[in-house]
Amino acid sequence: MKNSKFIRVLNRAGTILVPFVLWSAALVTLLPFFWMVTAALKSREDFFRSLFLPEGKGWFGIAWEKLTLGNFHRLFANENFGMHIINSAFLSSATALCATLSSAMGGYALAKLRFVGRGILTWFVLWSLVIPGTLLLAPGYKVLYDLHLLNTYYGLILPALAPAFGVFLFRQAMVNTVPDAILESARIDGAGELRIFFVIVLPLVRPMVGAFLMITYLGTWNNFLLPQVVLQSPEMMPLSVMISQLRGIYSQDYGLIMAGTLISIVPVMLLFLLLQKEFISGLTTGAVKG
Amino acid sequence: MKKVSAQLAAWLFLTPYLLSTVVFLLWPLAISFDLSFKQTFGPGHAEWIGWDNFRFLLSDPLFWKAATNTAIYAACSVCIQLPLSLCLALLLNRPRLWAKGFLRLVFFSPSLVGLVFVGVLFSMLFEKRTGLLNRLLVVFVPGFNIDFAWLESYVMVSLVLASLWLYVGFNMVYFLAALQNVPNELVEAAMLDGASAWQRFRHVVLPEILPVASFVVLLSLIGSFQLFELPFILLNGAGPDNQGLTIVMYLYSTGFVTGDLGYASAIGWVLSLVLMMFAAGQRWLVRKLEK
């Protein structure tokens, strides 16, 4: 053990260096967020004059009194921002609820019910995971056009009812966590299939239900391409499309755009950070255990 | 009688999935196959032209420009982003680290932000004179020109920087989950045998996390090859001299700006074939590793 001393020195250096590297990386990660928050709270002049917070005589040498909610006020008063928040919230909740329910039902059938064609269907679900969404963009547009679903919310929600990814996740979760014996005894007691599903099966996979609700909610909230292609009426647009248009129209109004981006990002982010354990476990189930 | 009702129940449970799969997956797939042999003018009119779309694609300089850009971006994702993610995960996985949960939260938080919002945020961060990046660089790098235009002269660098901020923490989560699944006894045994930190990583940890790592590579390749929103918003289009044109952006603009859904479908099929090859390659690799 010639170099054990060297290793010990290295280890000691590590206990100081590793936190230093990690906290620097954390600072770099948070800096854009912090910049966005301060830009949203500053007037136009202060945006150019100061990098983060305006200097002054308040606490920590900062002119707190110069911070303003004016950008937010203009968003809601002139740009009808409240309506776009409601659009996004409605679209995301509706999509998340419908997609989770249909995925859980499909996953349950594949995991626990015996029927002709189960093997082929399971194989099909797996296979369809590989099809990239962009391949369906152009023909999907034509289908929506033929069905007269363009410029409607149905045109956004109905295609999201078939996430092969969700069906696959729920199948994986139910195969192991839902015991066949419980289902059998419930059937002998005369419980209907629907009742078994809602009263016994869903509660057993509650973590997966939560994770998948969050994944689809976030995915819909952040989706830009689909609403951009499907919707035309300005008053129906979700925040994602609205912000990109705002950027196009008022490209020099930094405070306004950062305020809009802030509102679009932060509430959803806080909610997810609170529930991050479930969310992350949902994300990694397929990868690590699959 | 009971058998029949059990069969029926299964199919009823599958109805929402099956209906929307047929209408919004299989039907579009069939249409897309048909469309890729047609020239279209908006969703209403189409004309059969055989293999011309694919023939044109092979000699289309814009398509090759888009393909090259996308491939460079994908290579950067795999070669820069993933090693950084792995490093972060390895550092975070050290025992007795203070505020581990908080740090993990911080690194993960950018991946909750949608690509559009990242695009808008970074288009302002990268702006000359007013953007955060140049204003910081002026302070720390002597002689740096505050009018340096990232989004005009260093399009790909800007894209990769933004994607690093967005995805390093996301991929880190997968690596961290994999590292936590490595049996501690294995690492301790290697330590007793006097293996150095690098040897432990190379011969004990790496083989254990390789299946997850290959999955992360696949995810990141698939994501990179479908890159669209980030450059579309960040550069407000394809960028100067089409330096930020990606395959999906080209697909979008031929389909929905030019109105040629047929050529867009052909591009979609070529892209899909490439992605399916990646997926097949990953499965082959995992199977080989398991042996």
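How many other C-beta atoms lie within 10 Å of B:Asn242? Look for the answer in the first of these legends, which accompany a predicted model.

**View 1. B:Asn242 sits in a loop of chain B.** This loop runs between α11 (229-234) and α12 (247-257). Within 10 Å of B:Asn242 there are 18 other C-beta atoms, so the residue is partly exposed; to be called buried, a residue would need 20 or more. Its backbone also deserves a glance: B:Asn242 is not a glycine, yet its phi is positive, near 55°. Most residues other than glycine have a negative phi.

**View 2. A:Asn80 lies in a loop of chain A.** A:Asn80 has a positive phi of about 55°, although it is not a glycine. Because A:Asn80 has 13 C-beta neighbours inside 10 Å, it counts as partly exposed.

**View 3. Chain B meets chain A.** In this view, 76 residues of chain B are in contact with 70 residues of chain A. On the chain B side, helix α1 (residues 2-35) gives the most, with 19 residues. That side is made up of 57 nonpolar, 16 polar and three charged residues.

**View 4. Chain B is built from 13 helices and two strands.** Its radius of gyration is 24 Å, well over the 19 Å that the globule rule gives for 291 residues, so chain B is more spread out than a compact globule. The C-alpha trace of chain B spans about 75 × 70 × 35 Å along its principal axes. Of the 291 residues in this chain, 41% count as buried.

How values were computed
Residues numbered from 1 in each chain as written. Chains lettered and ligands numbered in written order. Predicted model: local features only at pLDDT ≥ 70, side-chain atom pairs only at ≥ 80, totals over all residues. Contact = placed C-beta atoms within 7 Å. Helix = DSSP H or I, 4+ residues; strand = E, 2+ residues; numbered from the N terminus. Nonpolar A, V, L, I, M, F, W, Y, C, P; charged D, E, K, R; others polar. Buried ≥ 20, exposed ≤ 12 C-beta atoms within 10 Å, placed from the backbone. Rg over C-alpha atoms; globule rule 2.2 N^0.38 Å.
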